[in-house]
Amino acid sequence: MKSSDVDIHIIGSDLEQALAFLTAGQLVGIPTETVYGLAGNALNEAAVAEIFAVKKRPNFDPLIVHVANLGQIVDFVLDFPFAAQKLAQHFMPGPLTLLLPKKAIIPDLVTAGSDLVAIRVPAHPLTHALLEKLPFPLAAPSANPFGYISPTTAVHVVQQLGNSIPYVLDGGPCGVGVESTIVGFEGDQAIVYRKGGLPIEAIEAIIGPVQVREHSSSNPQAPGMLKSHYAPHTPFVLGDLDALITQHTQAKVGVISFQTSFSKIPPERQITLSPSGNFNEAAQHLFAAMRQLDAMGLDLILAEPLPEEDLGRAINDRLRRAAARA
Ligand code: TXA
Ligand code: MG
């Protein structure tokens, strides 16, 4: 869908407008450094229920709570382990979500009945200003229909949720481009449940080795989430691109590569995430690339894994989930 096909009148950068809707219990699309969120008053059960309804998200999949600054976290959690505090001091605001024991003020609906709340301080000036002015935190999942690719521009949000929400605050394209890294704790042992915009190497440099718990479809409570997620509608295949292109010469394919381009594929059907091999740039472009090719009516999208390091890990996780069709 082109941006000209959607009602862009609900997009703006008017903080007062966003504040008014949120205060009235309505939902607003908000920019963060990772992806756009579908935000509502985290302490208002009706607003939270509306988030699940608009996203068509199952109630067992809990929401992240967004606060203005590190100091506010203690208002909503019962315990803040030392390792979590160290991470918070180094990486908040930023693409880090901490799973911590919740206070009763956080509705059970937000956490899907869990005693733990996922909480983060987004690093985006507009949303920071919004949170500073609001007397409540914002529950915000990524602003996409459940199971689809997360939005990294305001237009992406309107294309899919524009009929269901009154306003999208436009903060430009997201700088990080993949969702936050989710970290929980068993004592002082940190466990990464979702690889994301904060690389594991950066976390380990501060608190030492972490465990990584991959997703489990038998336990959807685990924040690694369901296996098929971030999925375009077009069949998506991950592997060695030279081999895949040779194998699929009869099909109309699109290609997402890390650095290289391919002479056998028309240029308009291939997207190179970062010609210079920069992980940050690749992450920034990933979801928009998946959306762009998904809108072209192709038979197949082909993609290659990146090196399994730094943000390459989060990118590969999203690519694998896109390729995993339940
Ligand atoms: O970067 C991000 O984290 C973005 C932006 C908008 O902040 N948000 C985001 O939210 O990615 P969402 O809802 O798309 O993904 C959050 C994941 C959920 O899949 C859920 O499984 C996990 O976090 N989660 C949230 N609260 C949890 C909890 N209390 N316990 C376990 N997992 C939780
Ligand atoms: Mg999401």
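Author: Happy to! Let's begin with Glu 16, which is partly exposed because its relative accessibility is 49% (buried is under 20% relative accessible area, exposed over 50%, partly exposed in between, with a 1.4 Å probe and protein chains only). This is a predicted model, where local features need pLDDT of at least 70, side-chain atom pairs count only at pLDDT 80 or more, and totals for chains, interfaces and linings use all residues. Residues are numbered from 1 along each chain as its sequence is written, chains are lettered from A and ligands numbered from 1 in the order in which they are written, and side-chain values use heavy atoms, leaving out hydrogens and water.

Glu 16 forms a salt bridge with Lys 133, with 3.3 Å between the closest N and O atoms (a side-chain nitrogen of Lys or Arg within 4 Å of a carboxyl oxygen of Asp or Glu). The pair joins distant parts of the chain, Glu 16 in helix H1 and Lys 133 in helix H6, 117 residues apart. Lys 133 also counts as partly exposed, because its relative accessibility is 48%.

Around that pair, Leu 15, Glu 16, Ala 18, Leu 19 and Leu 22 of H1 meet Leu 126, Ala 129, Leu 130 and Lys 133 of H6 (contact means heavy atoms within 4.5 Å). These contact residues divide into 7 nonpolar, no polar and 2 charged.

As for geometry, H1 (residues 15-23) and H6 (residues 125-133) pack at about 50°, their axes 10 Å apart. That angle makes H1 oblique to H6 (under 35 degrees is roughly parallel, over 145 roughly antiparallel, 65 to 115 roughly perpendicular, and the rest oblique).

Technical notes
Axes fitted to C-alpha atoms, helices over the stretch in contact; angles between N-to-C directions. Helix = DSSP H or I, 4+ residues; strand = E, 2+ residues; numbered from the N terminus. Nonpolar A, V, L, I, M, F, W, Y, C, P; charged D, E, K, R; others polar.
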